[in-house]
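Subject: Structure for you to look at

Hello,

Here is the structure we talked about handing over. Please open it first, then read the notes below with it on screen.

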Amino acid sequence: TAQAADAMQRAEWLTAAPLAALLAVGLLHVLACDRSRAAWVAGPRAASDAVVSANKVAQERDLHRRILLRRMAVLSMVPLLEDVRPAVAQPMTKLPSGLQYADLKEGEGDFPKPGTRVTVDYVMMTTGARYGNKIDSTKDRETPYSFVLGDTSVIAGLQEAVSTMRAGGIRRVIIPASLGYTDQTKLPVPPNIAEFQRFKNVYFNSNRVYQPDLVFDLKLFTFSSP
């Protein structure tokens with residue numbers, strides 16, 4: 001009987017051992033799958049976190065660039081239209097609309113009234129272009145820009161800036177996006193379409209953290225009241 005009991009015990013062990021081995025292999029397989037799944041889940045999550053971090057760095061860099069270029073626009077008051085030597089850190093006047101300006105040279109006479117056809121030389125720049133901040137210059141083209149004060153097809157910031165200038169005056173203006181190209185039909189449109197299109201690709205990019213400002217150096221020529 002003792003021998004029979006030993007034989008039965010050996011038979012049970014021989015049956016249980018393969019089953020235990022199978023269970024161990026199965027457990028290892030499950031653990032491996034869990035680790036693979038965890039890595040698979042963490043991979044996209046880590047990649048997503050990396051993208052978010054990169055975007056944040058890019059946004060901070062763009063914001064720093066904007067602040068730097070805006071300070072340059074305010075402080076480096078060297079007009080691009082003609083040789084005028086104002087104070088280096090000439091203060092800007094900010095209007096309730098958000099428009100900022102500094103007169104580099106006072107003109108003479110009265111302000112133009114609504115309905116007056118005015119003619120200006122301008123250098124148009126931006127604080128948001130990656131390819132350079134100068135967009136257009138009527139001075140370079142020797143083609144002054146003319147428009148009727150109050151014409152809503154012309155960007156509001158340009159009209160507001162000119163409305164308080166005197167003939168012969170030179171002014172630097174910082175125009176926020178709300179007073180600039182609020183849609184793609186606004187004027188002026190520089191003749192270099194390719195250059196202007198590159199600017200618009202940046203200016204109308206809704207994914208930007210901020211909307212770039214426009215910077216104008218303006219000279220108002222003599223005008224006649226309507």
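Start with Arg 172 and Asp 217, which form a salt bridge with their closest N and O atoms 2.7 Å apart. Arg 172 sits in strand E6 and Asp 217 in strand E7, so this pair links distant parts of the chain, 45 residues apart. Please keep in mind that this is a predicted model.

Are the two partners buried or exposed? Arg 172 has 5% relative accessibility and counts as buried. Asp 217 is buried too, with a relative accessible area of 0%. The cut-off for buried is under 20%, which is why both qualify.

In general, side chains of opposite charge can pair when their charged atoms come close. The count for this model comes to 4 salt bridges. Another of them joins the side chains of Arg 171 and Asp 103, at 2.6 Å from N to O. Arg 171 lies in strand E6 and Asp 103 in strand E2 (residues 100–105), so the pair ties together parts that are 68 residues apart in sequence. Arg 171 counts as buried at 2% relative accessibility, whereas Asp 103 is partly exposed at 21%.

A further salt bridge is the one between the side chains of Lys 134 and Asp 140, at 2.7 Å from N to O. Here Lys 134 is partly exposed, with 39% relative accessibility, and Asp 140 is exposed, with 53%.

Next, the nonpolar residues. The largest nonpolar core has 30 residues. Which of them have the most contacts inside it? They are Leu 158, Val 162, Leu 214, Phe 216 and Leu 218. At least two residues of this core come from each of strand E3 (117–126), strand E5 (145–148), helix H3 (156–162), strand E6 (170–175), helix H4 (193–203) and strand E7 (214–220). Another core lies apart from it and has 6 residues, including Met 92, Ala 102, Val 123 and Val 215.

Last, the chain as a whole. It has 4 helices and 7 strands, and from the N terminus on the elements run α-β-β-β-β-α-β-α-β-α-β. Of its 226 residues, 35% count as buried. Among contacts between residues at least 6 apart in sequence, 71% join residues at least 24 apart. The protein chain exposes about 13,600 Å², and carbon and sulfur atoms supply 59% of that area.

Regards

Notes: Residues are numbered from 1 along each chain as its sequence is written. This is a predicted model: local features need pLDDT of at least 70, side-chain atom pairs count only at pLDDT 80 or more; totals for chains, interfaces and linings use all residues. Side-chain values use heavy atoms; hydrogens and water are left out. A nonpolar core is a set of buried Ala, Val, Leu, Ile, Met, Phe, Trp, Tyr and Cys residues joined through side-chain atoms within 4.5 Å. Buried means under 20% relative accessible area, exposed over 50%, partly exposed in between (1.4 Å probe, protein chains only). Contact means heavy atoms within 4.5 Å. Accessible areas come from the Shrake-Rupley method with a 1.4 Å probe; for residues, only the protein chains shown count as cover.
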